[in-house]
Structure formats: C-alpha cells, structure tokens
Amino acid sequence: KLLHRHAMTDLLTLALFWGFCCAVIGVAVVNVMGSDDTPLSWYFRWAFAWQERGGWRSWIASPLGGCVMCTSGQLALWSHFALAPGNFFHDLLAGCSGVLCAFTINKAYRWLNNKM
C-alpha cells in the first residue's frame, strides 16, 4: 500500500507541475506573441476579437489564443492526456492546474508590465 500511495502522489505532483508548465507557455504565447509588434499579431487580433464578441465565436477563439486561461487549460489538458495517459482525473487536474496557474501568472505579468 505504501508504494501505491507514493505512486499516486507522484502522479498528482506531475499533473500539477504539468499544468504550471503549460500555464507558463500559454501566458507567454498569448501575451508576448499577441503583442502588436510580432509576426503573429494578426492571428491574435482575430482571436481576441472573436473572443470578445461572445457566443459561439468565443467557444472557438478562446482556447485558440483568445484567452490566456482557456489556452493554458486546453494545452495542459490535451497534452497531459496525449503524453501521460492514465487516469482521467489526472488529466482534468492538469487542465485545472493550468487554468489556475495561468490566472496567477497572467496577473503577475500584467502587474509587472504596468510597473515598468
């Protein structure tokens, strides 16, 4: 039973760390690549515009770069599902961890950006 408990702890830690890593990537991609002076700014302007419109357009654009938390959560969920398959609970935990970490990292990024 002790090995099983350690294995479960390792899987949960991996899922949480996975979500954190995907949140860092999601915040960097959406905020940095989505700024005005990058080659992909046209794509992010489209994604931001569709996300702000609401309705069915936001369901498409939000996870594709229109929303930092949606992008990070989807990245964490599906990459964890594809690369570390196992328990569906761990996949969901990775996705939720990605959203929570993206929220926190994005707030810190915006706060630091306003201070500079």
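This is a predicted model: local features need pLDDT of at least 70, side-chain atom pairs count only at pLDDT 80 or more; totals for chains, interfaces and linings use all residues.

Colleague: OK, how many helices and strands does the protein chain have?

Modeller: Five helices and zero strands. Along the sequence the pattern reads α-α-α-α-α.

Colleague: And what does the C-alpha trace span along its principal axes?

Modeller: About 55 × 35 × 25 Å.

Colleague: Let's look at α3 and α4. At what angle do their axes cross?

Modeller: Roughly 80°, with the axes of α3 (residues 56–66) and α4 (residues 68–83) coming within 7 Å. Angles of 65 to 115 degrees count as roughly perpendicular, so α3 and α4 are roughly perpendicular to each other.

Colleague: Which residues make that contact?

Modeller: From α3, Ser62, Pro63, Leu64, Gly65 and Gly66; from α4, Val68, Cys70, Thr71 and Gln74. By class, that contact has four nonpolar, five polar and no charged residues.

Colleague: Switching to the surface: which residues make the nonpolar patch?

Modeller: Ile25, Val29, Met33, Leu40, Trp42 and Leu75 make a patch of about 510 Å².

Colleague: Which helix gives the largest share of the patch?

Modeller: Helix α1 (residues 2–33), with three residues.

Colleague: And where is tryptophan 42?

Modeller: In helix α2, which covers residues 41–53.

Key. Residues are numbered from 1 along each chain as its sequence is written. Side-chain values use heavy atoms; hydrogens and water are left out. Axes are lines fitted to C-alpha atoms, for helices over the stretch in contact, and angles run from 0 to 180 degrees between N-to-C directions. Helices (H or I, at least four residues) and strands (E, at least two) are DSSP runs, numbered from the N terminus. Angles under 35 degrees count as roughly parallel, over 145 as roughly antiparallel, 65 to 115 as roughly perpendicular and the rest as oblique. Contact means heavy atoms within 4.5 Å. Ala, Val, Leu, Ile, Met, Phe, Trp, Tyr, Cys and Pro count as nonpolar, Asp, Glu, Lys and Arg as charged, and the others, Gly among them, as polar. Patches are made of residues with over 30% relative accessible area and no salt bridge: like charges are joined within 9 Å, nonpolar side chains (Val, Leu, Ile, Met, Phe, Trp, Tyr) within 5 Å. Accessible areas come from the Shrake-Rupley method with a 1.4 Å probe; for residues, only the protein chains shown count as cover. A salt bridge is a side-chain nitrogen of Lys or Arg within 4 Å of a carboxyl oxygen of Asp or Glu.
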